[in-house]
Amino acid sequence: MKADEVARLIDGVILSGKNFIDKVEVKTAFAADLMSDVLAYVESLNNDVILITGITNPQIVRTAEMLDIPVIIVARGKKVPQETIKLADEKGIIIISTKNIVFTTSGILYMNGIKPARLKPRGEPSSSC
Amino acid sequence: MENPPLLVESFKITGKDYEHGGEASSQIKSILKRLGISPEIIKRVSICTYEAEMNIIIYAYEGEIVLNIFKDKVRIIAKDKGPGILDLELAMKEGYSTAPPEAIELGFGAGMGLPNIKNNSDRMNIETEIGVGTTLIFEVDLNEKR
């Protein structure tokens, strides 16, 4: 699904990435307020994951950047600070804001074919160096 | 004897500077990208580096992240001046945290940081001294398929 279709489905407002939102393809999603969990669990192999969250600070953009997550949805109508939007613009990451809560946002996307994000295999932890 | 690194870059980190949290990791990610390292390796290094950077910001007074690139691996050294880690074994447990509320508001400080680094790196080592600081070293191999 194209990211502009995602924005339309959840009645979202596009806060960053307006110029290229119709070119970004997304297939899966992960919802969390805990960025460490996003970093721990999401296997972002194909750069097609949507991050659905209720927090708004620039760390959501940094987390998306580290994992090559192209689209962030900020739920619950939370006001996104300008510094977060500015960083997303710099990094080429789309932020969509929606009044829907995380549950509703996830439900709408799931019903329209967005799948759960692939999770990382919890493999062998590293040895010491 | 280990060969000297092909590239060394270091980044200063300031404690409590939440606003710039992730900037060093972002720059390290760009360097690795420029060198043509595979996206999967870059992601693993980025996750670990970002967690290490946030740890310095959350817990320490100041610190430094040093990137060493070798022919066959990336090494990151995250060294801080800070309170040190009281119980290293507990700190390595998922879900254990001593983070202040402001870190939790940012989506960190839930006790996933060090376990995350351990799970995404090939080798990791921590040395810590109470009241002095902590040095975390981790390595990610460039050729290994996980």
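Mentor: Two residues count as being in contact when their C-beta atoms, placed from the backbone, lie within 7 Å. The model is predicted: local features need pLDDT of at least 70 and side-chain atom pairs pLDDT 80 or more, while totals for chains, interfaces and linings use all residues. Residues are numbered from 1 along each chain as written, and chains are lettered from A and ligands numbered from 1 in the order written.

Trainee: What does helix 2 of chain B lie across?

Mentor: Helix 2 of chain B lies across strand 1, strand 2 (62-69), strand 3 (73-81) and strand 5 of chain B, at about 5° to strand 3. Helices (H or I, at least four residues) and strands (E, at least two) are DSSP runs numbered from the N terminus; angles, from 0 to 180 degrees, are taken between N-to-C directions of axes fitted to C-alpha atoms, for helices over the stretch in contact.

Trainee: Why is helix 3 of chain A called roughly antiparallel to helix 2 of chain B?

Mentor: Their axes come within 8 Å and cross at roughly 150°. Angles over 145 degrees count as roughly antiparallel (under 35 roughly parallel, 65 to 115 roughly perpendicular, the rest oblique), so this pair is roughly antiparallel. A:R62, A:M66 and A:L67 meet B:K43, B:S46, B:I47 and B:Y50 there.

Trainee: What makes strand 1 and strand 4 of chain B edge strands?

Mentor: The open sheet has the order 1-2-3-5-4, with antiparallel pairing. Strand 1 (7-14) and strand 4 (123-129) each have a single partner, so one side of each lacks a neighbour in the sheet.

Trainee: How do you know that strand 4 and strand 5 of chain B pair?

Mentor: Pairing requires at least two DSSP bridges, and these strands share 7, in the antiparallel sense.
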